[in-house]
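Visitor: Please show me the structure, and then let us go through it by question and answer.

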Amino acid sequence: MNRGSIMSPSFCAGPCLNLSGTARPAGFSDLAGSPALTGMVKHVPRATWDRRGDRPIATSTESGRRPLDDRIEALLPLVEKPARYLGTEINAVRKAWPVEAQKSLRSTTEDAPRITWLLILPDVYEIGMSHQGLRILYDILNHRDDTLAERAFAPWTDMDDLMRQEGIPLFSLESRRPARDFDVISFSLQYELLATNVLNLLDLAGIPLLSRDRAEGDPLIAAGGPCTGNPEPLADFIDFFLIGDGEDAVGRISEVMTETKAMPRKERLLALAHIPGIYVPRFYEPIYRDGRQVGVEPSGDVPFPIRRTYLEDLEAAPYPVKPVVPLITAVQDRLTLEIQRGCTQGCRFCQAGIFYRPVRERSPQRLVNLVAAGLASSGWDEVSLSSLSSADYSQIRPLARILTAALEPTRTALSFSSLRVDSFSVELAELVARVRKTGFTFAPEAGSQRLRDVINKRVADEDLLRAVEAAYAKGWQRVKLYFMIGLPTETDEDIEGIVSLARQIREIGRRYGGAKKATISIGSFVPKAHTPFQWEAFADRRALIDKLHRLKDKIQSRWSVIRWHDVDVSFIEAVLSRGDRRLGDVILKVWSNGARFDGWSDFFSIDRWEEAFRQTGINPTQYTRAIHPDEPLPWDHIHLGVERAWLWREHERALAGHTTPDCRPARLAAREPVPRAKNSRDERTVSLCTSCGLDCAGRGLDRSDMSTFAPALGAEACAKLQRELSSSLALGPAQLPTAQQEPASLHRYRITFAKLGRLRLISHLETGRLLIRLFRMAHWPLAFSSGYHPHPKLSYGPPLPVGIEGEREILDVQLCRPLQQDLIDQINRHAPEGLRILRYQHLADKPVSPAAAAHSASYRVRVPRDLCDLALQEKRLETFEQTGSVIALKATKGRQKTVDLKRCVQVLQWHPDGPVEGDVADQKGDVADQKGDVAGQKGDVAGEKGDVAGQKGDVADQSGTLIMELLLQEPSGHVIGPLPLLREVFKWSPREMSRCRVTRVRLLDHHHRPLASDGVN
């Protein structure tokens, strides 16, 4: 499932209302008020929804039903990755909701939240949780007493379908409240193809898709992010856009929302329209001429044009020190630090370089403080220095040295999100690769020097080849190069230039031996609004495909892999990036025909889009053609600060083959000199204002001593910052061996922990990552392996299948120093609900690994009354006992094998009258004589909230308990678990299985002895 949009450089940029920050069947929306749309949407039956009039209503607790939370819980075992929907992550914020009196405009207390925000990045959880802008705004809003912010992401297709079948609306992760309950639902638009996901989520929430159809009680729908540079294609669906940085704006939006809470919806939006950077489409009527949108006309007293808002002082801006840590691996699963915002390199195709101007930096002192606080509260093992061009940060060398020296003893890696194509970038990467070496990415963009001059990518072939050679020489095995095709003025010679560079890189790899490999990634040029190339055409699709095939034939080999972004996806991206308000009909039509997750290759359908164009009578090529310079543009009313005349001047310089130097003043004055190739085109020391329109001088942004640029660091200041960071990490070089050393002796411990409640829905690997993060947060002196990818020396017990709880799970850990009880207590303070360390035991000798020592396991299964009664009536357990064998299919390495489940059963006993006390390990041949049910013990799991046996509704709905003891491997060596056995014995469907609560009570060795003791240290 490729998502080519991740290539976008704006994906991890700062929050520009990243107001959440960087689908097939339609469903719940009422479109009755929109005659033109009648019959367009294929509705899923809504018999399970409460209704008032003709509107679907969903509440947290519905009359005659279980609470929404319980209904969601029932679905999670049925989906591919239930951990996407748990909301129990480390540092997730759960604030008290406003009481109903507050929601109905009655008196409120000063310290209670008055405005509630639902922040959404409309893509899957793993991508949404990687977006730093969402983290920033989530932190800012929840630090305010008057606001509450929660998160939601696009449910994956399996969860989306189940939610529609069960009538469950879009909900927030933290409180699992319906999206309709929030005052503001804000979407972060990081790339154009999220448009259909926005509609799908509104529909799933039960909110009318069109802004004009929403009632007074509906939430206000907001959007921000880089795509708001041209908001017109989504203008019919969004109540207001924020153009620019969101840090200050969200507070002002909340204040205006509070002040206008008793006003009609239209008046509230009018008040919001006067906040700098806010665009409310309903107050701006589109003007059409000759079938094209040539502008908008403001109605009433509203700002015109709408000017982008941005932070002038990034140093003083708030930044999260307790980021939410995902329970599953995110696309960017690391502590991300935005070291600077903006870029003045001037690449003429790059929208982000315009959207985030001017450059503003955080100081090394501030960044060191953020590293210390962020690692202490997250346990991540990697710090990423993020910006559009990280090597351009004025203090990048001293900062990298400080962080590397302090982080290396803790085995914490340092990485950069974006580096230039030069040897200095390799030097930086080599400096920070002492802990972990991964791939190395360069972006020359074009295959020839002539074409790189056109796009203002000031990099020579010599720069690229020297950088690759330096990477190979310093031990990197893989490099990745990113090119674009279809650029303005491109010729066949430029395409052949890509081939030539690939071959030269191959020759360099041969000189250094080993398994040197290169990945050549190709994308199609997409003209973007507010760039010097906004007037250029999107290239002919057939010609682009021919070029890709030519490149593949000449480059693809065992040492080089070529990958490319789907040309049809790029075509639709081009249509949306330069579209007007009429495209709203196309987006609605394509969504109603089944579109969702269009940024994913598995779901995108060009046929669906072309059918929508035909049905709406819109020719998409009118948006991808070349545009005359005098022609009005649909986004002319959005002013990003850069003047249109400057953009056209850059366009003319491009066609003439002239480059424009970086305009950043006093640029990199503190950086040590870096040797460059002869005839290198690197102009990093030039300081020249190009008069783009931002008036940096008037704002005081052109002086190197202003807070917008980081102060220069001397040797003494660097040493001081390094000592401060090492001390705060509590694991300095004097206490922990460096990555190249091994401790003289190790201390081995067996840890017993419980994994209950919602955490039963995270996998074995995810549990391991969570535990390691908790160990790091609690400053455990972990011992590490050696090599390129050092990892903690841990040995886990047998994997616990997803959906099964564990009351006494075990792992062995090796430490450099003795373990103390206070380190256990620290983990339990940080751990998410459902996970708790129960006990630790010192191991004098090197033991057999827990996985090898475990021979069998005892389980307890709580069964609902109806399933219990049916099982007793049909005598399914008796049938199983009388059967000679029970054969099931098991998938192993892509092949199906047969397994006799009965060969693994040691004990299988049924207690139909209610919860049984005890477990198999305590039995001496008679389960019925047991007393003291483990899950019901007072203080079990040391006061764990929501103890399994005591969870609301758990015992009340149960009337039967199965006690099982199963071999972990059946005699032929196949690993097995309780779920296949239950399915085969009782013939339960997946939905019936999801209603049963399965708990692994304890692990047993070959002598039937428990591997973990009872009790708590």
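Guide: One term comes first: two strands pair if DSSP finds at least two bridges between them. Helices (H or I, at least four residues) and strands (E, at least two) are DSSP runs, numbered from the N terminus. The model is predicted, with local features kept only at pLDDT of at least 70 and side-chain atom pairs only at pLDDT 80 or more, while totals for chains, interfaces and linings use all residues. Residues are numbered from 1 along each chain as its sequence is written, and side-chain values use heavy atoms, without hydrogens and water.

Visitor: What is the mean pLDDT of the protein?
Guide: The pLDDT is the predictor's confidence in each residue, from 0 to 100. In this model, 80% of the residues reach 70 or more. The mean pLDDT of the protein is 82.

Visitor: What share of the residues counts as buried?
Guide: Buried means under 20% relative accessible area, exposed over 50%, and partly exposed in between (1.4 Å probe, protein chains only). The protein has 1017 residues. The share of them that counts as buried is 62%.

Visitor: How many helices and how many strands does the protein have?
Guide: The secondary structure consists of 29 helices and 31 strands.  One group of strands forms an open sheet with mixed pairing, in the order S4-S3-S5-S6-S7-S8. For the protein, then, the answer is 29 helices and 31 strands.

Visitor: Which strands are at the edges of that open sheet?
Guide: Six strands make up the sheet. An edge strand pairs on one side only. The edge strands are S4 (147-153) and S8 (278-279).

Visitor: Which residue in S8 is the bridge partner of Leu242?
Guide: Strand S7 (residues 240-242) and S8 run antiparallel. Two bridges join them. The partner of Leu242 in S8 is Ile278.

Visitor: Which residue in the turn between S9 and S10 has a positive phi?
Guide: Strand S9 (residues 284-289) pairs with strand S10 (residues 292-298) in the antiparallel sense over six bridges, and Glu285 stands opposite Glu297 in S10. The two strands form a hairpin with two residues between them. The turn residue with a positive phi, about 55°, is Asp290.

Visitor: How many salt bridges are there?
Guide: A salt bridge is a side-chain nitrogen of Lys or Arg within 4 Å of a carboxyl oxygen of Asp or Glu. Side chains of opposite charge can pair when their charged atoms come close. By this rule the count is 59.

Visitor: How many residues apart in sequence are the parts that Asp160 and Arg596 tie together?
Guide: The side chains of Asp160 and Arg596 meet in a salt bridge (3.2 Å, N to O). Asp160 is buried, at 0% relative accessible area, and Arg596 is buried too, at 2%. Asp160 lies in helix H5 (residues 157-166) and Arg596 in the loop between helix H18 (583-592) and helix H19 (606-616), so the separation in sequence is 436 residues.

Visitor: Is Glu631 buried or exposed?
Guide: Glu631 forms a salt bridge with Arg625, the closest N and O atoms being 2.5 Å apart. Arg625 is partly exposed, with a relative accessible area of 28%. Glu631 has a relative accessible area of 14% and is therefore buried.

Visitor: How many disulfides does the whole structure have, by search?
Guide: A disulfide is a pair of cysteine sulfur atoms within 2.5 Å. Cys347 is in none, and the nearest cysteine sulfur, that of Cys350, is 6.2 Å away. Cys347 is buried at 18% relative accessible area. Over the whole structure, the number of disulfides found is zero.
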